[in-house]
Amino acid sequence: QVQLVESGGGLVQPGGSLRLSCAASERTLSRYAMGWFRQAPGKEREFVAAITRNARGTRYADSVKGRFSISRDNAKNTVNLQMSSLKPEDTAVYYCAACTTNVESGIYWGPEDYNYWGQGTQVTVSS
């Protein structure tokens, strides 16, 4: 069972940037497709970005496309989310998630596809 720990959240002004990191306890993170989700108060958890096991494919929610970038380093067992041009509506708790899959090129954007979750990190965009 893989454990995921997010870091890098905080308070940032509109237009600013943050880099979230997700560290995995398992040394074979390459077995998992990875994703980032977020949940704002009073709203359902929503998809943000996903990356394939081999890092050759990525997918983004329309609301973050062109502003966010997901990456992974399987050797270091980490997944990152670089966020730029942040907006107040990006304020949420951000969760890292892992999906067990045998498909190296598989990419998944439904929360139900993911079987491991981190505890979340708060991102607040406000002046």
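**The loop and its surroundings**

A55 is partly exposed, with a relative accessible area of 37%; here buried means under 20% relative accessible area, exposed over 50% and partly exposed in between, computed with a 1.4 Å probe and protein chains only. This is a predicted model, in which local features need pLDDT of at least 70 and side-chain atom pairs count only at pLDDT 80 or more, while totals for chains, interfaces and linings use all residues. Residues are numbered from 1 along each chain as its sequence is written, and side-chain values use heavy atoms, with hydrogens and water left out.

A55 is not a glycine, and yet its phi is positive, at about 65°. The residue is found in the loop between β5 and β6 (58-60), where strands are DSSP runs of E with at least two residues, helices are runs of H or I with at least four, and both are numbered from the N terminus. S85, also a residue other than glycine, has a positive phi near 50° and is placed in the loop between β8 and β9. S85 is partly exposed as well, with a relative accessible area of 41%.

The loop between β5 and β6 also holds T52, and this residue is buried, with a relative accessible area of 2%. The side chain of T52 is joined to that of N54 by a polar contact of 2.7 Å, a term for a pair of N or O atoms within 3.5 Å in which, within protein, one must be able to donate a hydrogen and the other to accept it, residues adjacent in sequence counting only if both atoms are side-chain atoms. Once its neighbours within four places in sequence are left aside, T52 is in contact with G57, R72, E104, S105, G106 and I107, contact meaning heavy atoms within 4.5 Å.

β5 runs antiparallel to β4, and 5 bridges join them; two strands count as paired if DSSP finds at least two bridges between them. Within this pairing, W36 has A49 in β5 as its bridge partner. The two strands form a hairpin with 6 residues between them, and G42 in the turn has a positive phi of about 80°. β4 also pairs with β9, again in the antiparallel sense and over 8 bridges, with F37 standing opposite Y95 in β9. β4 is mostly covered, since 7 of its 8 residues are buried.

F37 is buried, with a relative accessible area of 0%, and it belongs to one aromatic cluster together with F47, Y114 and W117. For aromatic pairs, the rings of Phe, Tyr and Trp (its six-membered ring) must have their centres within 6.5 Å, and planes under 30 degrees apart count as stacked, over 60 as edge-to-face and the rest as tilted. By this rule the count comes to 5 aromatic pairs. The ring centres of F37 and F47 are 5.8 Å apart with the planes at 70°, so this pair is edge-to-face; it links distant parts of the chain, F37 in strand β4 and F47 in strand β5, 10 residues apart. Both F37 and F47 are buried. The rings of F37 and W117, in turn, have their centres 5.1 Å apart and their planes at 55°, so that pair is tilted, and it connects F37 in strand β4 with W117 in strand β10 (residues 116-117), 80 residues apart. W117, at 28% relative accessibility, counts as partly exposed.

In soluble globular proteins, nonpolar side chains tend to be buried together.
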